[in-house]
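Please keep the sequence and the model in view while reading.

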Amino acid sequence: MIAALALFLFTSVAGRVWCGYACPQTVWVDLFLIIERFIEGDRTARMRLENARWGLSKIAKRLAKHAIWLVIAAMTGGAWVFYFADAPTLLVDLLTLQAEEIAYITVAVLTATTYVLGGLAREQVCTYMCPWPRIQSAMIDEESLIISYQKDRGEPRGRGARRQGLGDCVNCNQCVVVCPMGIDIRDGMQLECISCALCVDACNGIMDRIGKPRGLIGYNTLANLDKGAALQRGQFRLLRPRTLVYGILIAVVGVIMLAALVSRPRLELNVQRDRNPLFVPLSNGDIRNGYTLKILNKVHQTRHYRLTIDGLPNARIKVIGRDDAEAEFTVKADRLASFRVLISTPKDNLKGETTDIRLRILDQTDGKMAENDTVFRGPKP
Ligand code: SF4
Ligand code: SF4
């Protein structure tokens, strides 16, 4: 809940920063693009290669690119699987073809999805598959930071020696070239924009070269854009009702979780009564019921517990597998242990077919208790 609320908060403050900077899809696409650029060159070189006839060089470059992409994709798939198993053992098993079928299937599916989504589908995933662009529009208001182009300053755009009457945009198209989503930010705010700010850097570089002030493309708010002004230092309002509500909700959930963590029981007892047989009449006339106790020790030390019974006077406890008559149990640190227990009582003790009883375990070290209500069954009176 905190992660979801934090995402809402960051979106209301700075738009799609999650998409632009932290989403695995964006990060993997960036990684795949670095490989592509390294092997095939910049955009112009890549377009030249795309249009070139198939030859040895083109085949070698394409093979190298896709091979590295596949290795990255396989490592991604492997990382997922290794996370849920003993990694060194599983790696050896995978390489020696000894691993479970499901491990190969999982690695294959994750390799294929990483390769297709990160290498081939790229920004189409953000535009057509991801629901977040649709949801985030509900979290953005006129005070949220968005990437925008200052139309009043940039238009009319144009290039050439005679720039009289033209705006600051020289129509170099660098902002479009670098955009991973393939959009032109000069057309206004668009659903596809992931706020990666690559167009900001590209345009600032151009402004530096032509001696104009930076910020033709930059962070702004819708409220400010309506005034046709760039966002000035100190103009952005971080504290507003929407961000305050998200901030308060995060604090409330955090406090509740902290309280739950601090006050969580360190000892738990779970009791399951045998259902077959419901009870056993003994040769001495007593009635016996069987129970399974599950004791969860959440402290980092081995603890010893003593079992007592409420509601069944003169009951005798026998722990299966033990010769002594002690109703004591030892549970290792951070472990759940299971014990089989037989409880017997004289038939005269029972008022009816069912007697409510309470089983209680007491930590012999710190006196902490855990209890569980159950019943003791006997024959009809
Ligand atoms: S990078 Fe800047 S100057 Fe070049 S086209 Fe884009 S907005 Fe205009
Ligand atoms: S328009 Fe700019 S900020 Fe938006 S996705 Fe394209 S490069 Fe990134």
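How far apart do the C-alpha centres of domain 1 and domain 3 lie? The distance between these two centres is 56 Å. This is a predicted model, in which local features need pLDDT of at least 70 and side-chain atom pairs count only at pLDDT 80 or more, while totals for chains, interfaces and linings use all residues. Residues are numbered from 1 along each chain as its sequence is written, and chains are lettered from A and ligands numbered from 1 in the order in which they are written.

**Domains**
- The protein is assigned domain 1 (15-136), domain 2 (146-226) and domain 3 (267-377); such bounds come from an automatic or database domain assignment.

**Ligand 1**
- Around ligand 1 there are 16 residues, of which Cys169, Cys172, Gln174, Cys175 and Cys203 come nearest (a residue is near a molecule or strand if its C-beta atom, placed from the backbone, lies within 6 Å of it).
- At least two residues of this shell come from each of helix H11 (174-178) and helix H12 (198-210); helices (H or I, at least four residues) and strands (E, at least two) are DSSP runs, numbered from the N terminus.
- H12 gives the largest share, three residues.
- By type, the shell around ligand 1 holds ten nonpolar, four polar and two charged residues (Ala, Val, Leu, Ile, Met, Phe, Trp, Tyr, Cys and Pro count as nonpolar, Asp, Glu, Lys and Arg as charged, and the others, Gly among them, as polar).

**Ligand 2**
- Of the 14 residues around ligand 2, the nearest are Cys179, Ile185, Cys193, Cys196 and Cys199.
- The shell around ligand 2 has 13 nonpolar residues, one polar and no charged.

**The sheet**
- An open sheet is formed by four strands in the order S8-S6-S10-S11, with antiparallel pairing (two strands pair if DSSP finds at least two bridges between them).
- S8 and strand S11 (369-377) each have a single partner strand and stand at the edges, so one side of each lacks a neighbour in the sheet.
- Strand S6 (residues 303-310) pairs with S8 in the antiparallel sense over four bridges.
- His304 stands opposite Thr330 in S8, and Tyr305 has Phe329 as its bridge partner in that strand.
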